[in-house]
Amino acid sequence: MKLTLVGAGPGDPELITLKGVKALQQADVVMYDALVHPDLLDYCKPDALKVYVGKRINEYSCTQEEINPLIVHYAQQYGHVVRLKGGDSFIFGRGYEEMEYARQYGIETEVIPGLSSSYSVPALAGIPLTTRGVSESFWVVTGTTKTGQLSKDLHLAAQSTATVVILMGMHKLAEIMTVFGGSGKADLPVAIIQNGSLTDEQVVTGTVSTIAEQVAAAQIGSPAIIVVGEVARLRDLQLDELQQAIANH
């Protein structure tokens, strides 16, 4: 009996690790989430059982309390279970909870990290989370807590000079921007990246005071990440330079 937690990366199926692919090829059961690209399931053995346990806001889904015992059930019945999660299992993925639950039943566990959308999606969009002279550090904060309230860390992050990346925060975008505005940062650049790394990726840039209205106008929704900080301005500078270069030719 074995459970392998595999991070699928930010969305593009080519961004999974080689070790993650090998785990999929060996799995007897693959339990996968909503943000996992369906092409990744092509790596599975023909007779592997594929179980969708996706979790999305405002849609029916398996709860964590249902998923944990399912992992144990499939491991006991079939052998090797791969739990395939978007991004990285240990960054707001609740992978550690699943691993600890499985261990209580004597199930061997392994972790194969994945590229987290928190840094890979901004990078693919041309936004470095840190760069000399602009940002010395970054925070990664969840927009969704158990209580439904904003994380207290967000208030601290808004007072710093660091780049702030908010995951699972689109449903609270206006509230989040109010926090930054309250820290005197109404003009701070913001970038919203929807479906990062995929062909239908959309990016909207603005400021703390304007981004909510811009997102509504562009009809941007989840899944998306929010990047707040001076580095968000760098994407627009690159686009301006590209347009200038095209114009000069």
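Let me start on the surface: Phe90, Tyr96 and Val111 form a nonpolar patch there, with about 290 Å² of accessible area together. A patch here takes residues with over 30% relative accessible area and no salt bridge, and nonpolar side chains are joined within 5 Å. Areas come from the Shrake-Rupley method with a 1.4 Å probe.

This is a predicted model, where local features need pLDDT of at least 70 and side-chain atom pairs count only at pLDDT 80 or more. Residues are numbered from 1 along each chain, and side-chain values use heavy atoms, without hydrogens and water.

Tyr96 lies in helix α3, residues 95-103; helices are DSSP runs of H or I with at least four residues, and strands are runs of E with at least two. Tyr96 is partly exposed, at 48% relative accessible area. Buried means under 20%, exposed over 50%, and partly exposed is in between.

Glu98 is also found in α3. Is Glu98 buried or exposed? Glu98 counts as buried, at 1% relative accessibility. Its contacts, meaning heavy atoms within 4.5 Å, include Leu3, Leu5, Arg83 and Lys85.

Now to helix α5, residues 152-159, where Leu154, Ala157 and Ala158 are buried. They sit on the same side of α5, because they cover an arc of only 100 degrees around the axis, taken from the directions from the axis to the C-beta atoms. The cover over these buried residues includes β6, β7 and α6. On the face turned away from the buried side are the exposed residues Lys152 and Gln159.

Last, Ser151 caps the N-terminal end of α5, with a side-chain oxygen 3.1 Å from the backbone nitrogen of Asp153.

Notes
Buried < 20%, exposed > 50% of the residue type's maximum accessible area, 1.4 Å probe, protein only. Polar contact = N/O pair within 3.5 Å; in protein donor to acceptor, adjacent residues only side chain to side chain. Patch = residues over 30% accessible without salt bridge, like charges linked within 9 Å, V, L, I, M, F, W, Y side chains within 5 Å. Salt bridge = Lys/Arg side-chain N within 4 Å of Asp/Glu carboxyl O. Lists of a residue's contacts leave out its neighbours within four places in sequence.
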